[in-house]
Amino acid sequence: LGMIEATLGTRALAVRYFPLIATIFIFVLTANMFAFLPIFDTLVVGEERHALFHAVNADLNSTLALAIISFFVIEISGIATLGALKYGGKFVNIRGGAIGFAVGLLEIVGNVARLISFSFRLFGAIFAGEVLLLVIAHFLPYIASVPFMAFEAFIGLLQAAVFAILTLAFIKIAIEEPH
């Protein structure tokens, strides 16, 4: 709560956004840690041996869903705090001439790119770790897997923090007055 208050500037805003930021962090961390349970990728079905359970964040659908939630919260926060016209003025700047208009278009592209950035950052890190552990387990089972599993647990914690902190930072940017 203190970190959120330091970022957003007021206690009232920190209390408002703390449940969201904490929920994102706890959900991503828990989903990343659940991937280490023995049930994941061991129960298989069919002749082609498809895994019955798969790590949550190693699926692009779940990371994209989190990114969409974050995106809408960020945009709605900006509109609710500044008002639709003032917030929209960050993207459509006619008074700034051609350069101001181009900067506004770049802001729109940057906001939409957050969806891709959020979802692929988390998905890529977790999926790559899953593949790394699978390869290591096939070459050196039991011995070499343990340090890599500890490393992947750290990466899971780090990715949870990154997702939550980036959401917080983008909320801060969205609710600031336009220059």
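## A tour by selection

Select Leu52. At 48% relative accessibility, Leu52 counts as partly exposed, because exposed would need over 50%. Leu52 sits in the loop between strand E2 (50-51) and H3. Keep in mind that this is a predicted model.

Together with Leu52 they form a nonpolar patch on the surface. Its accessible area is about 590 Å² in total.

**Helix H2**

Select residues 11-34, which make up helix H2. How far apart are its end C-alpha atoms? They are 33 Å apart. At 1.5 Å a residue, the 24 residues should span 34 Å, so the two values agree.

Go to Tyr17. Here H2 bends by about 45°.

Next, colour the buried residues of H2. Among them are Leu13, Tyr17, Ile21, Val28 and Asn32. What covers the buried residues of H2? The cover includes helix H1 (2-8), helix H3 (60-82), helix H5 (97-139) and helix H6 (145-175).

Zoom in on Asn32, which lies in helix H2. Is Asn32 buried or exposed? Its relative accessible area is 5%, so Asn32 is buried. Show its surroundings: Asn32 touches Asn57, Leu122, Ile126, Gly156 and Gln159, not counting residues up to four places away in sequence.

**Across to helix H3**

Select Val73, in helix H3. Val73 is partly exposed, at 23% relative accessibility. Draw a C-alpha to C-alpha distance from Val73 to Tyr17: it is 9.7 Å, although the two are 56 residues apart in sequence. Leaving out residues up to four places away in sequence, Val73 touches Leu20 and Ile171.

**Salt bridges**

Side chains of opposite charge can pair when their charged atoms come close. How many salt bridges does the structure hold? There are four. Visit these.

- Arg11 and Glu5: the closest N and O atoms are 3.0 Å apart. Arg11 is partly exposed at 45%, and Glu5 is partly exposed at 27%.
- Arg114 and Glu75: the closest N and O atoms are 3.9 Å apart. Arg114 lies in helix H5 and Glu75 in helix H3, so this pair ties together parts 39 residues apart in sequence. Arg114 and Glu75 are both buried.
- Glu177 and Lys86: the N to O distance is 3.0 Å. Glu177 lies in the segment after H6 and Lys86 in helix H4 (residues 84-88), so the pair ties together parts 91 residues apart in sequence. Glu177 is partly exposed at 46%, and Lys86 is partly exposed at 40%.

Definitions and conventions. Residues are numbered from 1 along each chain as its sequence is written. This is a predicted model: local features need pLDDT of at least 70, side-chain atom pairs count only at pLDDT 80 or more; totals for chains, interfaces and linings use all residues. Side-chain values use heavy atoms; hydrogens and water are left out. Helices (H or I, at least four residues) and strands (E, at least two) are DSSP runs, numbered from the N terminus. The expected span of a helix is 1.5 Å times one less than its number of residues. The bend at a residue is the angle between axes fitted to the seven residues ending there and the seven starting there. Buried means under 20% relative accessible area, exposed over 50%, partly exposed in between (1.4 Å probe, protein chains only). Contact means heavy atoms within 4.5 Å. Patches are made of residues with over 30% relative accessible area and no salt bridge: like charges are joined within 9 Å, nonpolar side chains (Val, Leu, Ile, Met, Phe, Trp, Tyr) within 5 Å. Accessible areas come from the Shrake-Rupley method with a 1.4 Å probe; for residues, only the protein chains shown count as cover. A salt bridge is a side-chain nitrogen of Lys or Arg within 4 Å of a carboxyl oxygen of Asp or Glu.
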